[in-house]
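Please keep the sequence and the structure in view while reading.

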Amino acid sequence: MSGHGDEPPSPDELAGVFHVAAVDRTDGTVRYFGEPLVRPSAVVEHLSPQFSRSGYSLTLERQPGFPADGGVVVPRRQQYALVAEPRDGGGLPWLNVALLVVTIASTLFVGASSWYYIPVTEQPLRLLEAWPFAVAMLGVLGIHELGHYAAARYHGVDVTLPYFIPFPSLLGTMGAVINIRGRIPSRRALFDIGVAGPLAGLVATVVVTLVGFTLDPIQVPQRVREGGAQYAISFHDPLLMQGLEALVTALGVGAQVGPGEAVHPVVFAGWAGMFFTFLNLLPVGQLDGGHIVRSIVGQRQETIAAAVPGGLFALAGFLYLTQDAPPIGFGVWTLWVFWGLLATGLAYVGPARPTVDESLDSRRTLLGVSTFVLGLACFTPVPFEIVAA
């Protein structure tokens with residue numbers, strides 16, 4: 001039956017929140033037919049943790065009636081059904097573990113070869129020297145996703161553990177995702193799930209960045225400095241990173257970067273965390289920003305989402321007209337064209353829709369606005385560019 005082998009709560013255990021007139025069990029799914037004793041939007045919020053402990057996800061549906069003795073459906077006004085569906089069984093999540101292991105290897109390899117300047121093909125055992133970068137990068141991404149996971153479980157929403165995505169790029173990963181398998185009961189739950197990831201990830205990002213600024217810089221080997229490379233990638237810092245750098249400098253704990261040196265790779269992990277945070281907070285589709293805006297403004301979120309691709313395309317056009325042509329490849333404007341196209345697809349798919357669609361409280365609305373302000377502090381129109389070495 002349930003993911004933990006427990007029985008779902010009995011009708012008596014729902015007393016005070018939901019009056020049960022009939023119960024139906026079909027293929028493991030349990031439906032409690034009856035009437036809410038509190039406002040409908042609060043029923044799932046009150047009972048989800050109780051059902052979650054038994055291994056069930058919970059939703060509330062309007063019903064035209066409920067089955068009485070003999071299976072005859074008796075019509076009733078304002079009748080509801082609490083639907084408890086068993087989650088998947090337990091056991092080790094092998095796919096999650098396998099992807100995490102591969103992503104750790106990918107991040108170590110990219111960190112060692114690209115940021116620590118280690119010739120890993122000649123000295124493969126030195127790969128482990130890049131562990132601070134790997135821990136920082138995967139820690140930021142993992143804490144972001146675990147923020148979503150914890151909020152979803154708090155509201156009794158069935159959700160998977162994070163899936164990390166390995167990729168041999170400058171980061172070693174393309175991020176991590178979780179899969180929400182259950183229905184989201186209310187705007188309050190949608191907001192909490194959406195906002196928990198960026199806020200948790202930002203806390204981790206700030207910690208990682210501050211630590212990175214205090215670590216000794218990396219000596220760039222002479223073979224790299226005299227390697228004859230014609231081009232290099234220059235990264236531009238968002239306002240939040242500039243503020244953190246100013247803070248450690250004012251406190252006298254920041255490491256000084258001298259000639260032939262580069263900032264510690266952990267700093268770049270913090271930069272990447274900020275970049276990911278801003279992108280995730282775009283108010284479109286089922287990105288974190290889309291969840292937050294959908295919670296605050298309801299279905300008007302679709303109007304806001306429709307404007308996002310236009311804004312990204314406008315930014316791309318502005319940079320195309322005002323930035324010097326890069327010495328090789330494409331300018332940074334192509335990044336915003338890509339995200340404009342992606343945002344168009346996300347807007348077309350649409351946002352998540354909570355089961356009970358009631359207005360959000362003012363406290364959460366204020367927190368949502370504050371989260372977007374923090375996201376803007378992670379934004380820079382030209383995050384990187386290709387320059388002559």
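In which hand does α8 pass α11 in their crossing? The crossing of α8 past α11 is left-handed, a crossing being called left-handed if the near helix is turned anticlockwise from the far one by less than a right angle, and right-handed if clockwise.

## Basis of the description

This is a predicted model, in which local features need pLDDT of at least 70 and side-chain atom pairs count only at pLDDT 80 or more, while totals for chains, interfaces and linings use all residues. Residues are numbered from 1 along each chain as its sequence is written, and side-chain values use heavy atoms, with hydrogens and water left out.

The chain has eleven helices and ten strands, where helices (H or I, at least four residues) and strands (E, at least two) are DSSP runs numbered from the N terminus. Of its 389 residues, 46% are buried, buried meaning under 20% relative accessible area, exposed over 50%, and partly exposed in between (1.4 Å probe, protein chains only). Among contacts (heavy atoms within 4.5 Å) between residues at least 6 apart in sequence, 73% join residues at least 24 apart.

## Helix α8 and its surroundings

Eight of the ten residues of α8 are buried, so this helix is largely enclosed by the rest of the structure. The buried residues of α8 are Asp-288, Gly-289, Gly-290, His-291, Ile-292, Val-293, Arg-294 and Ser-295, and they pack against α3, α4, α7, α9 and α11. After α8 comes Gly-298, with a positive phi near 70°.

The axes of α8 (residues 288–297) and α11 (residues 362–377) come within 10 Å and cross at roughly 150°; axes here are lines fitted to C-alpha atoms, for helices over the stretch in contact, and angles run from 0 to 180 degrees between N-to-C directions. Gly-289, Ile-292, Val-293 and Ile-296 of α8 meet Thr-365, Gly-368, Thr-371 and Phe-372 of α11. By class, this contact has four nonpolar, four polar and no charged residues, with Ala, Val, Leu, Ile, Met, Phe, Trp, Tyr, Cys and Pro counted as nonpolar, Asp, Glu, Lys and Arg as charged, and the others, Gly among them, as polar.

## Helix α4 against α11

Helices α4 and α11 pack at an angle of about 35°, with their axes 11 Å apart, and their crossing is left-handed. On the α4 side the contact includes Phe-191, Val-195 and Leu-199, and on the α11 side it includes Leu-367, Gly-368 and Thr-371. The residues of this contact divide into seven nonpolar, two polar and three charged.

## Helix α10

Helix α10 (residues 333–349) has 17 residues and reaches 25 Å from its first C-alpha to its last, close to the 24 Å expected at 1.5 Å a residue, the expected span being 1.5 Å times one less than the number of residues. In α10, Leu-335, Trp-336, Trp-339, Gly-340 and Ala-343 are buried. Seen down the axis of α10, these buried residues fall within an arc of 135°, so they line one face of the helix; the arc is that of the directions from the helix axis to the C-beta atoms. The face turned away from the buried side carries the exposed residues Leu-341, Tyr-348 and Val-349.

## Two buried loop residues

Ala-130, in the loop between α2 and α3, is buried, with a relative accessible area of 0%. Not counting residues up to four places away in sequence, Ala-130 touches Leu-108, Gly-111, Ala-112 and Tyr-116.

Asp-158, in the loop between α3 and β5, counts as buried at 8% relative accessibility. With residues up to four places away in sequence not counted, Asp-158 touches Ser-57, Arg-87, Asn-179, Ile-180, Arg-181 and Gly-182.
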